[in-house]
Amino acid sequence: MDRAFTNDQLYDLPSVDDVNYVPVHRAYYQYRLWVTTLWLVIMLTGILVCYWLRWLGIQYVAEYLVAGWMLLAIAALYITHRGYGILGYAIRQHDVVFREGWIYRSIVAAPYVRVQHCEISQGPIARWLSLHQIEVFTAGGSGSDVTIPGLDLDTANRLRTYIIHKAGVNEPS
Amino acid sequence: MSPADIFAQPQRQSAIAIFLIIFRTYRVIVKQIWPFVIVWFIGGSGGNLSTRLSLLVGGIAVVSMIVSILRYYRFTYSVVGDELIVERGVLQRSRVALPLARIQTINIEQNIVHKVFNVIGVKVDTAGSATQEITISAVEARRGALLQQLLLSKRVSDTSSGEYLLPAEAAFPPVAEEVVHSVDLASLLIIGLTQNHIRSGWIIILFIGWILQNLTEAGIEIDEYLPSVAEVLLLGIYLVVAFAVLSLLISIGRTIIQHYGLTFVRVGDGFRLESGLVTRRSVAARDTKIQVLTWSDNLLRKIPGIYDLSIKQAGPQAINIKKSIRVAGIKRRGIAAIQEMLYGTDVSAGLRIEPVNIRWLYRRLFVWSLLSIVGAVVGYIMQETGVIIAVSVVIVYAYLSSFMAYRKLGFACDGEYFSVRRGVWGEQYTLMPVFKLQAVAYHSSPYQRRHGLVTAVLHTAAGTLRVPFVPRDTFVPLMDHCLYIVETDQREWM
């Protein structure tokens with residue numbers, strides 16, 4: 001007997017397609033721009049240092065490298081700008097859904113019943129902007145962990161409490 | 001005295017453990033100090049080489065011996081209540097209390113040293129983010145078996161009462177054992193003959209490369225010894241034959257060492273596999289811990305109709321390989337029997353594999369065509385016929401294998417089980433119950449989005465399944481359904 005997948009016999013399931021994604025904190029837009037800018041500055045510095053020290057024969061192709069860098073900078077900043085609009089999360093009754101990526105898009109849904117533990121963390125630039133990220137871990141390896149960046153402490157704490165409560169995990173605070 | 005009483009008191013390992021610990025300590029020490037050793041050898045002054053060498057070896061030996069003996073005396077294990085307690089450490093004492101319910105697998109190991117002294121090594125694995133692994137280097141064989149039984153029985157027994165009160169004789173009720181699959185010498189030869197010989201071939205190629213390199217470094221000009229064309233041809237034929245025979249021998253040798261005396265048995269509500277010629281390995285898994293079944297064949301294995309089955313348990317990715325049970329040389333009906341034991345029916349027989357979108361093939365052919373154009377242009381510029389021929393051969397193979405891979409690639413889901421098929425010349429099937437999923441995701445590139453396609457990603461506790469180029473309209477309802485199953489199913493997933 002062939003049992004191809006059909007969805008008819010079930011009642012209407014809530015779809016991940018109809019989810020209204022909540023955008024992360026506005027300051028995260030700044031954060032992303034800062035991080036991208038930082039990388040671009042590091043790269044330009046590298047090129048310039050090589051130019052002045054006449055390393056790697058860069059002085060002969062410096063114009064092209066700088067032109068390439070400018071193109072890259074425009075592309076990177078534009079992608080960063082667009083990426084923020086796509087980034088969003090949805091806390092549903094039984095799972096958390098997270099969407100990211102303007103070019104290469106990815107949508108992950110992690111059911112609370114499979115959550116192992118939850119963590120709030122903060123990097124140096126995020127600390128400066130008072131942003132936190134929440135990491136939701138499942139047993140499915142790193143790819144299945146949901147990381148929601150760009151949250152203020154209050155939101156992060158509320159999310160964590162809610163997810164832990166739904167997961168039924170007793171965790172030391 | 002019941003086993004529960006014996007192990008209630010802190011136990012030492014068998015004295016043989018000292019040797020094993022010495023060996024391990026020696027290895028660790030050598031690994032950590034070798035840079036200093038080199039500096040000492042090169043930079044130091046006075047004393048000749050042999051004196052230094054013997055001093056060094058002697059020093060390491062003495063240090064590792066002292067450390068090992070101390071370690072041996074400071075290592076104890078016991079089973080108290082529902083916990084396995086291990087105290088260890090020479091300078092920094094540590095006490096690990098492992099709840100028995102957390103134990104994933106208990107592996108028994110017996111290498112040559114173990115065999116000679118009739119002892120066994122016991123490895124206890126746990127899953128989850130707090131990865132702890134307890135290794136008891138050596139216990140007397142009988143005692144080790146008792147320990148394994150005790151740990152297993154306690155883990156299975158209802159721990160809600162808080163105390164473990166089974167009487168001694170009832171502690172180990174005779175568990176029904178049924179041999180599902182075993183491998184005799186003839187089957188072992190077949191498995192060896194039908195191995196992927198190309199893999200063994202690589203070992204030889206690397207070896208030849210190594211020899212050639214050494215010859216060149218030793219100042220021997222290989223070019224001078226190159227004979228005439230006819231001789232080269234003859235030599236070539238010899239080499240090919242020798243290569244084939246050697247590959248075959250290596251494959252068979254590896255198979256025998258790995259799978260000698262393989263027995264795969266059904267024990268209660270779990271499975272146990274024993275195999276190995278030099279080191280005998282025993283791996284066990286309970287049904288609930290099993291996440292994914294994977295079985296595969298290759299072109300040669302299609303003739304006897306045998307598969308390699310691996311039964312994967314939950315655990316961090318790094319230790320998955322070790323904890324997966326590999327059943328070699330099993331027939332399709334054996335796999336069906338295992339599925340019946342696990343899932344109540346031969347699930348895979350009822351699933352109809354759907355192909356992925358044809359654009360997956362187009363895209364691969366497109367990429368290969370681009371590469372081949374680059375290759376051809378390079379060949380033309382270099383005026384090298386050899387390059388052009390090589391590019392043509394590669395492109396024909398790439399086209400053919402892409403086409404074959406497309407024909408194999410597909411997935412199936414009946415709502416309860418998810419299955420993926422892939423492969424080029426052989427086939428590999430993966431099967432898992434939907435309720436064991438950890439998370440579901442999909443990715444899409446701009447090209448995929450333009451054509452309404454996604455890459456489906458299913459995360460399990462024993463690895464990730466990916467199916468590229470699935471129609472979005474097929475996968476999104478499937479994803480909703482999978483989430484629904486995971487969120488409502490009450491069964492234990494591990």
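Q: Quick one to start: is Tyr72(B) buried or exposed?
A: This is a predicted model, and in it Tyr72(B) counts as buried because its relative accessible area is 8%, where buried means under 20%.

Q: And what about Tyr73(B), buried or partly exposed?
A: Tyr73(B) is partly exposed, at 46% relative accessible area.

Q: OK, switching to aromatics. How many aromatic pairs are there over all chains?
A: The count comes to 16. One of them is Trp34(A) with Trp128(A), an edge-to-face pair with 5.7 Å centre to centre and 65° between the planes.

Q: Where do those two Trp residues sit in the chain?
A: Trp34(A) is in helix H1 (residues 27-53) of chain A and Trp128(A) is in helix H3 (residues 124-128), so the pair links parts of the chain 94 residues apart. Trp34(A) is partly exposed, with 43% relative accessibility, while Trp128(A) is exposed at 57%. Tyr72(B) and Tyr73(B) also form an edge-to-face pair, at 5.0 Å centre to centre and 75° between the planes.

Q: Which ring does the charged end of Arg26(A) sit over?
A: That would be Tyr29(A), with the charge 4.7 Å from the ring centre. In chain B, Arg266(B) lies over the face of Phe271(B), 4.6 Å from the ring centre.

Q: New topic: which residues make the nonpolar surface patch of about 790 Å²?
A: Among them are Ile112(B), Phe117(B), Tyr260(B) and Val278(B). Helix H4 (residues 112-117) of chain B gives the largest share, 4 residues.

Q: Where's Val278(B), then?
A: Val278(B) is in the loop between strand S9 (270-275) and strand S10 (280-286) of chain B. Its relative accessibility is 33%, which counts as partly exposed.

Methods:
Residues numbered from 1 in each chain as written. Chains lettered and ligands numbered in written order. Predicted model: local features only at pLDDT ≥ 70, side-chain atom pairs only at ≥ 80, totals over all residues. Heavy atoms only, no water. Patch = residues over 30% accessible without salt bridge, like charges linked within 9 Å, V, L, I, M, F, W, Y side chains within 5 Å. Areas by Shrake-Rupley, 256 points an atom, 1.4 Å probe, with all protein chains shown as cover. Salt bridge = Lys/Arg side-chain N within 4 Å of Asp/Glu carboxyl O. Buried < 20%, exposed > 50% of the residue type's maximum accessible area, 1.4 Å probe, protein only. Phe/Tyr/Trp six-rings, centres within 6.5 Å; stacked < 30°, edge-to-face > 60°. Lys NZ or Arg CZ within 6 Å of the ring centre and 35° of its normal.
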